[in-house]
Amino acid sequence: GVTVKLLAKWYNAPVGLGMGWINVLSSRAQNVNYLNTTKRTIAISVGFSGSDGIDTYARLVIKINGLDVSMSTTTSRGAALADYVIIEVPNGDTYLAAPTGANLFSWFELR
């Protein structure tokens, strides 16, 4: 009985409890679906940047199960851009980062 209760509490634990941020940039690519198989909701933080130039535009869309659920857009004149998108991904859902006019420079997951 006690083991079952502890296990149930662990799976129903809030995001962050017993988790840590992991740098997964080297194992992630843009526009590729990844599946959350952790048995818990995770959080992802994706950093993106545009380039120097006139009328620089950069956008990052995070899709969960094929739906656009988060988007950040930055524009600037003659300066480098940078922004982050942070979102939770439920267990069993797919997720991907789709940049436009941007490069991904960081990708961390709270697992």
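Student: How many helices and strands are there in the protein chain?
Tutor: Please keep in mind that this is a predicted model. The protein chain contains 1 helix and 8 strands. Along the sequence, the pattern is α-β-β-β-β-β-β-β-β.

Student: What share of the contacts in the protein chain with a separation of 6 or more comes from residues 24 or more positions apart?
Tutor: Such residues account for 72% of those contacts.

Student: Which residues is Leu60 in contact with, leaving aside its neighbours within four places in sequence?
Tutor: Its partners include Val46, Phe48, Met71, Val85, Ala97 and Leu104. Ser70 and Ser72 are also among them.

Student: How is a pair of aromatic rings described?
Tutor: One gives the distance of the centres and the angle of the planes. The count in this model comes to 3 aromatic pairs. In one of them, the ring centres of Tyr34 and Tyr95 are 6.2 Å apart and the planes stand at 45 degrees, so the pair is tilted. Tyr34 belongs to strand β2 (residues 34–35) and Tyr95 to strand β7, so this pair ties together parts 61 residues apart in sequence.

Student: Why is the pair of Tyr34 and Trp107 edge-to-face?
Tutor: The planes of these two rings are at 85 degrees, and an angle over 60 counts as edge-to-face. Their centres lie 5.9 Å apart. This pair links strand β2 with strand β8, the two residues being 73 residues apart. Both Tyr34 and Trp107 are buried, and together with Tyr95 they form one aromatic cluster.

Student: Which residues form a nonpolar patch on the surface?
Tutor: The patch consists of Trp21, Tyr84, Ile86, Phe105 and Phe108, with about 520 Å² of accessible area together. At least two of its residues come from each of β6 and β8.

Student: Is Ile86 buried or exposed?
Tutor: Ile86, found in strand β6, has a relative accessible area of 58%; because this is over 50%, Ile86 counts as exposed.

Note on methods
Residues numbered from 1 in each chain as written. Predicted model: local features only at pLDDT ≥ 70, side-chain atom pairs only at ≥ 80, totals over all residues. Heavy atoms only, no water. Helix = DSSP H or I, 4+ residues; strand = E, 2+ residues; numbered from the N terminus. Contact = heavy atoms within 4.5 Å. Patch = residues over 30% accessible without salt bridge, like charges linked within 9 Å, V, L, I, M, F, W, Y side chains within 5 Å. Areas by Shrake-Rupley, 256 points an atom, 1.4 Å probe, with all protein chains shown as cover. Salt bridge = Lys/Arg side-chain N within 4 Å of Asp/Glu carboxyl O. Buried < 20%, exposed > 50% of the residue type's maximum accessible area, 1.4 Å probe, protein only. Phe/Tyr/Trp six-rings, centres within 6.5 Å; stacked < 30°, edge-to-face > 60°.
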